[in-house]
Amino acid sequence: MRPNRRNLLLAAALSAGLSFGFRAEAQAPIKIGLTGPFTGGSSSMGVSMRDGVKLAIAEINKAGGVLGRPLVAVERDDEARNEVGVQIAQELINKERVVATLGFINTGVALASQRFYQEAEIPVINNVATGTVIAQQFAAPKEKTNYVFRTAANDIIQSGMIVEEAVTRRGFKKPAILADSTNYGQLGREDLERALAAKGMKAVATEKFNIKDTDMTAQLLRAKEAGADVILTYGIGPELAQIANGQAKLGWKVPLVGSWTLSMSSFIDTAGPNGDGAVMPQTFIQLPNTPKRRAFIEAYQAAYKVERMPSPVSAAQGYDSVLLLAAAIKQAGSTDGAKVRAALEDLKERVDGVVTVYDRPFTAADHEAISGNIPVFGVVRDGRVVPAHEEDVAGENAMRVKPRA
Amino acid sequence: MQILAQLLVSGVAVGMIYGVIAFGYQLTFATSKTLNFGQGEALMLGALVGLTVASFVGYWVMLPIVLAFGLLQGAVVERLGVRPAIKSKSESGWIMATIALGIIFKNLAENIWGRDDLKFPSPIGERSIEVMGVRVLPMEIAIVAGALAMMLAVELFNRRSVFGKAVVATANDRDAAGLMGINTGQVITFSFALSSMVAALAGVLVAPVTLTGATMGSALGLKAFAVAIIGGLNSGLGVVVGGLILGITENLTGYYLSTGYKDVPGLVLLLLVLSFKPSGLFGKKTIKKV
């Protein structure tokens, strides 16, 4: 009698376990790789991006997931180091078997890592890194199909906007370029020089600085002696702050116009009042001027208990990258990499994101969701980024949409 | 002329930062022929502890607390990293140990204070002062004055006090000092404590001008090491002059040659010194008897 009962119990437990296991199989979560620097100098961008991504995933799961399955992010910190990025890519592909990967803040890491996704035919959406070559690395004719997409404004768009703002809109005649010595800074400097050349201009001074440089006197004095009336920058937060502080020290106040990194909290906080007035292209400003944006900002503030988003651009682009991926998986009806890529390239659904409304954002030939008309200029004022020109974000201009191909 | 003066003044300020960190290397090298390669991290910890403490008790009360913290931190490094190596007569154990401790301190700081650079408010204003067309931050003057005062105080202590004399005696000949009844082990611990105290105070001094964060020490520590080699590891005056030379050449090359080559002359100088006067510009030749 007794052993019988035990057997019965065992059998019941087993069958319960089995049926549970079976059900779990049917609803196995869809794994999405999520990688960026969550530590180190560019972590404010990485962490904001991650938080934006997780916010979107939580909302999608609450609404029932995709294909009846929940999304789950597999997070990995690439420390902004190329070799770590490569290891992570291999782990996510071979061990975690992710369906797609979102992320990359640093151009160098993206370029080193995404070839593994290309080979494994798994789509990657770069949601922050801006290096122009990123989306071109595997573009035709180099490869038949390209698995690399982007929801950030690339450096050609940004450098063009910077020059347009400084030269055309504000009428400066003698720009100086200050760029850091990394891939990001030097590729950006080349793009700036090209954009200036297109206007028949040349920088009066082109100066370089290293990450962690604390004294910008020499660079600033050279620019000043060359008669510069505006400084165009390509660098990241801490050193940009040293430029603003150095200007204040030398008592030489000319405007800073630079890439979107002038919106980093490490620039705004370390430069303090010296950073006021710096302008930079932004795909998203923490400004609730559409219902979708209001909901996003409020959800972000509530989820992460902050008033000022550390990097609103990264958070918004991260959030949107999830929406696009989810729509593509839904359209493909499958998590197969090739099918998801094909769906991204021919997205039927209009995706209502926070940066813009994505109406066929990608085609086989164009993997850039952000076009030149989408970013607007932000300006640092009292420790926050606000729109530099009210007319750019007012009325119809609030939602800027990529023209249909 | 005005530009040259501006470059020199800024160069002196930066050079003094290098010099005061290098002074810490010199302190421990004198007594034990070992270095704390975590000197940059000692500086970083001083700055971050100072930032936190200052928010509770104000800037001036914070200073002695940071000094005490530095002393303690240096003693810990010596006990954990250096003493076992000296005891076992290991030639390189202390190199690995101090580097490892430096990394641990950095990671610790990253976990406590985060990875982003923080702002260290200047206690004496952030508006620059203009003297005959040359602009200088009040904090830069404070760095130069503070660094000189601190080095002077350490030198005076070594020359006048009994304990200081024990330090000098140990520096001159450890075995002989030991035979004379000086507890040389304690002296070495003390020299490490002193060197980290110097670094911690340097951290508080430079933080309002540089960036404050877990990684602030790495680049500065390395530059200061170059300075210590250039100036001579056993000369207090040498490291100050070495620091000034490096700071000024960096700025002059940056302006007159190209900002892309800012760091090159310093490294060339380092190589030159190593090949022609390995003991440093101001270093005394030491003969190692085996």
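The legends below accompany close-up views of a predicted model.

**View 1. The open parallel sheet of chain A.** Five strands of chain A form an open sheet in the order β2-β1-β3-β4-β5, and their pairing is parallel. The edges are taken by β2 (71-77) and β5 (148-150) of chain A, each of which pairs on one side only. Averaged over the sheet, and with direction ignored, neighbouring strands are turned by 25° against each other. Strands of a sheet pair through backbone hydrogen bonds, in either the parallel or the antiparallel sense.

**View 2. Strands β1 and β3 of chain A, with helix α2 of chain A.** Strand β1 (residues 30-36) of chain A runs parallel to strand β3 (residues 100-103) of chain A, and the two are paired over 4 bridges. In β3(A), A:Leu102 is the bridge partner of A:Leu34. Helix α2 (residues 43-62) of chain A packs on the sheet, where α2 touches β1, β2 and β3 of chain A, and the direction of this helix makes about 165° with that of β2(A).

View 3. The peptide bond that joins A:Ala140 and A:Pro141 is cis, with an omega of about 5°. A:Pro141 belongs to the loop that lies between β4 (124-126) and β5 of chain A, and β5 is one of the two edge strands of the sheet. As background to this view, most peptide bonds are trans.

**View 4. Positive phi at A:Arg97.** Although A:Arg97 is not a glycine, its phi is positive, at about 50°. A:Arg97 is located in the loop between α3 (82-95) and β3 of chain A, and that strand β3 pairs with β1 of chain A in the parallel sense. Because 13 C-beta neighbours lie inside 10 Å of it, A:Arg97 counts as partly exposed.

**View 5. Positive phi at B:Lys33.** In chain B, the residue B:Lys33, which is likewise not a glycine, has a positive phi near 55°. The loop that holds B:Lys33 lies between α1 (2-32) and α2 (39-57) of chain B. With 16 other C-beta atoms within 10 Å, B:Lys33 is partly exposed. Most residues other than glycine have a negative phi.

**View 6. The contact between the two domains of chain A.** The domain assignment of chain A gives domain 1 (30-153 + 286-370) and domain 2 (156-282), and the centres of these two domains, taken over C-alpha atoms, are separated by 29 Å. In the contact, 14 residues of domain 1 of chain A meet 16 residues of domain 2 of chain A. On the side of domain 1 of chain A that touches domain 2 of chain A, α2 and α4 (107-120) of chain A each supply at least two residues. By class, that side of domain 1 of chain A has 5 nonpolar and 9 polar residues, with no charged residues.

**View 7. The fold of chain B.** Chain B contains 11 helices and 2 strands, and from the N terminus on its elements follow the order α-α-α-α-β-β-α-α-α-α-α-α-α. Taken along the principal axes, the C-alpha atoms of chain B fill a box of roughly 60 × 50 × 35 Å. The radius of gyration of chain B is 19 Å, which agrees with the value near 19 Å that a compact globule of 290 residues would have. Of the 290 residues of chain B, 50% count as buried, and of the contacts in chain B with a separation of 6 or more, 75% are between residues 24 or more positions apart.

How values were computed:
Residues are numbered from 1 along each chain as its sequence is written. Chains are lettered from A and ligands numbered from 1 in the order in which they are written. This is a predicted model: local features need pLDDT of at least 70, side-chain atom pairs count only at pLDDT 80 or more; totals for chains, interfaces and linings use all residues. Two strands pair if DSSP finds at least two bridges between them. Axes are lines fitted to C-alpha atoms, for helices over the stretch in contact, and angles run from 0 to 180 degrees between N-to-C directions. Two residues are in contact if their C-beta atoms, placed from the backbone, lie within 7 Å. The radius of gyration is taken over C-alpha atoms; the globule rule is 2.2 Å times the number of residues to the power 0.38. A residue is buried if 20 or more other C-beta atoms lie within 10 Å of its own, exposed if 12 or fewer, and partly exposed in between; C-beta atoms are placed from the backbone. Domain bounds come from an automatic or database domain assignment. Ala, Val, Leu, Ile, Met, Phe, Trp, Tyr, Cys and Pro count as nonpolar, Asp, Glu, Lys and Arg as charged, and the others, Gly among them, as polar.
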